[in-house]
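Trainee: I would like a close look at one part of this model. Please take me through it step by step.

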Amino acid sequence: MSVILWNRDRLKSAIGDDLIFIDDNYDYQIENVVFDNRKIIGNSLFVAKKGENNDGHNFISDVIKKTNAICLANASNFKDNHNNNSRVVLVKDTVKAMEKMAKFARDDIEGKVVGVTGSLGKTTTKELLYTCFSNYGKSFCNIQSFNNYFGVLTTLCNLPNDTKFAVIEMGMSATGEMEELSRIVRPDITIILNIAMAHIGFFEKEEFIASAKSEIFIHQKKNGFAILNRDSKYFNFLSDRAKKNNINTIYSFGEELSANNLVQMLDYTIRDDQYFAKYKINNKEETFEFQSPDKNIARNLMTFLCIANVLGLDFEKCKNSVKEFGVPRGRNNIEKASFDGKNITIINGTYNAVNPIAFISGLEVMKKLDTGNRKIAVFGDIREAGDKSEEFMLSLEKYILDAKVGILIGIGEHIKVLCDSMKDKIQVMYFTDSTQVVPLIKNLLQNNDLIFIKASKGIKTWKILDELTGYPTDIYI
């Protein structure tokens with residue numbers, strides 16, 4: 001059953017003085033909010049905004065004709081022949097109006113808002129937290145990786161007011177962006193998973209990334225608490241930043257032994273196709289089973305265990321959900337493909353890659369899996385690495401060898417240094433573009449091969465995945 005998120009009175013209360021026109025006789029019943037006209041479903045509110053390539057105001061006529069959507073438009077951009085149309089709400093500025101709606105929706109819930117950031121694993125952790133929290137009440141989170149400014153606005157505008165747990169993934173690629181998100185989200189609980197050289201092309205040093213991530217504390221609710229990774233070399237720095245913003249309650253998690261950790265992972269075990277992690281939680285041991293061989297899922301679960309312990313949630317309630325949790329597609333999840341009498345196992349990392357750790361975690365999975373034949377790595381450039389691109393690529397060599405990869409297929413400009421370095425150690429194939437690999441890949445593979453595909457989104461390695469699996473990758477990839 002659809003939930004009505006916005007009606008006339010709620011829109012008027014949220015937008016306030018920025019509202020220019022709304023029909024007081026029209027029954028507005030809005031079930032979702034979008035700024036992409038292709039995402040309109042049923043009774044949507046389409047927010048027209050100007051983007052890099054298109055202006056949403058140019059699509060309003062078609063939206064009115066072809067859908068049931070209500071349109072939110074700038075009064076100054078709107079064409080006269082649509083003025084006073086009941087299905088067009090006019091405002092001074094659609095982006096500011098959307099931000100006001102987002103803040104209104106966030107302040108209208110009585111439940112907890114959890115803000116999640118970090119250099120790696122944000123989306124998977126957000127999905128894992130959402131899955132766990134759903135066992136304890138109505139929960140909500142960003143769709144896909146909607147973690148930038150407009151993604152977070154869209155998420156909050158679609159937040160039902162009876163939500164008990166809202167998990168908001170928050171991303172950034174420049175100084176100041178996280179503070180802006182913090183101002184809108186105002187989390188009760190903040191999580192910083194890790195600090196690594198993601199988006200390093202936008203920062204001169206790794207410590208600048210830590211500083212930018214710490215902006216999440218600036219507008220956090222003062223009676224809340226923070227969850228930090230004690231294994232990170234930036235733990236003390238981030239703790240100090242939290243305290244400077246009056247967040248004095250800080251809980252930590254990690255693998256390294258520390259009496260100060262609220263949650264510690266004691267062991268990670270693989271038995272056949274089963275994966276187990278043992279945790280020490282406030283001096284009590286708990287064991288969880290996982291579907292994925294990726295140890296990062298077990299690491300990231302510690303953030304939920306911290307929150308659950310503080311809030312007094314029964315761990316047993318969520319164990320089945322954790323066991324059944326699947327890694328979001330494209331983030332080193334395991335897939336199978338069959339063609340020409342061959343059965344292939346794929347570690348699918350096609351979504352994106354922003355630093356070497358994203359490759360290394362998949363190579364760790366590859367090291368543990370044995371499908372009975374060769375191991376093949378299809379790797380492409382890290383396009384956000386700036387002048388560290390070649391250094392990042394070369395750092396993968398020892399992990400590739402340790403995982404016993406037999407064939408390396410390199411794609412892009414900067415990976416060539418890695419291919420040249422490894423050509424005397426394993427079989428190497430080099431291409432400048434993923435489209436060159438697509439027609440070759442099926443003939444190259446043999447029965448029971450294990451193939452790991454990983455690169456920045458712009459390398460388009462999903463085309464190779466599509467060729468192997470025979471069905472199209474989700475549009476967000």
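In which loop is Asp340 found?

Mentor: Keep in mind that this model is predicted. Asp340 sits in the loop between β15 (333-339) and β16 (342-349). Look at its backbone. The phi of Asp340 is near 50°, a positive value, and the residue is not a glycine. Most residues other than glycine have a negative phi. Asp340 has a relative accessible area of 63%. The cut-off for exposed is over 50%, so Asp340 counts as exposed.

With a relative accessible area of 66%, Lys404 is exposed.

From the loops, turn to a helix pair. Two packed helices are described by the angle between their axes and the distance between the axes. Helix α3 (residues 94-107) packs with helix α6 (residues 177-185) at an angle of about 55°. Their axes are 8 Å apart. Angles under 35 degrees count as roughly parallel, and 65 to 115 as roughly perpendicular. The pair α3 and α6 is therefore oblique.

Which residues meet there? From α3 come Glu99, Ala102, Lys103 and Arg106. From α6 come Arg183, Ile184 and Val185. By class, this contact of α3 with α6 has 3 nonpolar and 4 charged residues, and no polar ones.

Technical notes
Residues numbered from 1 in each chain as written. Predicted model: local features only at pLDDT ≥ 70, side-chain atom pairs only at ≥ 80, totals over all residues. Heavy atoms only, no water. Helix = DSSP H or I, 4+ residues; strand = E, 2+ residues; numbered from the N terminus. Buried < 20%, exposed > 50% of the residue type's maximum accessible area, 1.4 Å probe, protein only. Axes fitted to C-alpha atoms, helices over the stretch in contact; angles between N-to-C directions. Parallel < 35°, antiparallel > 145°, perpendicular 65-115°, else oblique. Contact = heavy atoms within 4.5 Å. Nonpolar A, V, L, I, M, F, W, Y, C, P; charged D, E, K, R; others polar.
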